[in-house]
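Here's a quick walk through one structure, with an eye on its charged side chains and its helix packing. Have a look at it first, then read on.

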Amino acid sequence: MKRPSISLPDWMVDQIEERREKGTNRSEYIRESLEARFDMEDNGDWESNPADVDEPEQVAD
């Protein structure tokens with residue numbers, strides 16, 4: 001298995017840490033996320049916006 005190095009904004013790393021299940025390491029979470037995106041792209045369900053790399057807006061509850 002290749003071991004690429006990727007850069008992520010701090011907010012994205014924080015989200016990964018908050019969302020991943022106990023016992024799931026960060027790499028596994030990212031792999032599963034990429035697989036989900038690939039599936040969505042293959043099904044035509046993914047709309048990409050390459051300029052959207054900033055932290056998402058917070059929605060008030």
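Let's start inside helix α2, where R37 and E41 both sit, four residues apart, or about one turn of the helix. Keep in mind that this is a predicted model. The two side chains form a salt bridge, with the closest N and O atoms 2.8 Å apart.

In general, side chains of opposite charge can pair when their charged atoms come close.

| Salt bridge | N to O distance |
|---|---|
| R20 with E17 | 2.7 Å |
| E17 with R26 | 2.8 Å |
| R37 with E41 | 2.8 Å |

How accessible are its members? E17 is partly exposed, with a relative accessible area of 32%. R20 comes in at 25%, which makes R20 partly exposed. R26, at 40% relative accessibility, counts as partly exposed as well. The cut-offs behind that label are simple: under 20% would be buried and over 50% exposed, so values in between are called partly exposed.

Next, the helix packing. Two packed helices are described by the angle between their axes and the distance between the axes. Here, helix α1 (residues 10-19) packs against helix α2 (residues 26-42) at an angle of about 100°, and their axes are 10 Å apart. That angle makes α1 roughly perpendicular to α2, because anything from 65 to 115 degrees gets that description.

Which residues make the contact? From α1 come V13, I16, E17 and R19, while α2 supplies R26, Y29 and I30. By type, the contact residues split into four nonpolar, no polar and three charged.

Terms used
Residues are numbered from 1 along each chain as its sequence is written. This is a predicted model: local features need pLDDT of at least 70, side-chain atom pairs count only at pLDDT 80 or more; totals for chains, interfaces and linings use all residues. Side-chain values use heavy atoms; hydrogens and water are left out. Axes are lines fitted to C-alpha atoms, for helices over the stretch in contact, and angles run from 0 to 180 degrees between N-to-C directions. Helices (H or I, at least four residues) and strands (E, at least two) are DSSP runs, numbered from the N terminus. Angles under 35 degrees count as roughly parallel, over 145 as roughly antiparallel, 65 to 115 as roughly perpendicular and the rest as oblique. Contact means heavy atoms within 4.5 Å. Ala, Val, Leu, Ile, Met, Phe, Trp, Tyr, Cys and Pro count as nonpolar, Asp, Glu, Lys and Arg as charged, and the others, Gly among them, as polar. A salt bridge is a side-chain nitrogen of Lys or Arg within 4 Å of a carboxyl oxygen of Asp or Glu. Buried means under 20% relative accessible area, exposed over 50%, partly exposed in between (1.4 Å probe, protein chains only).
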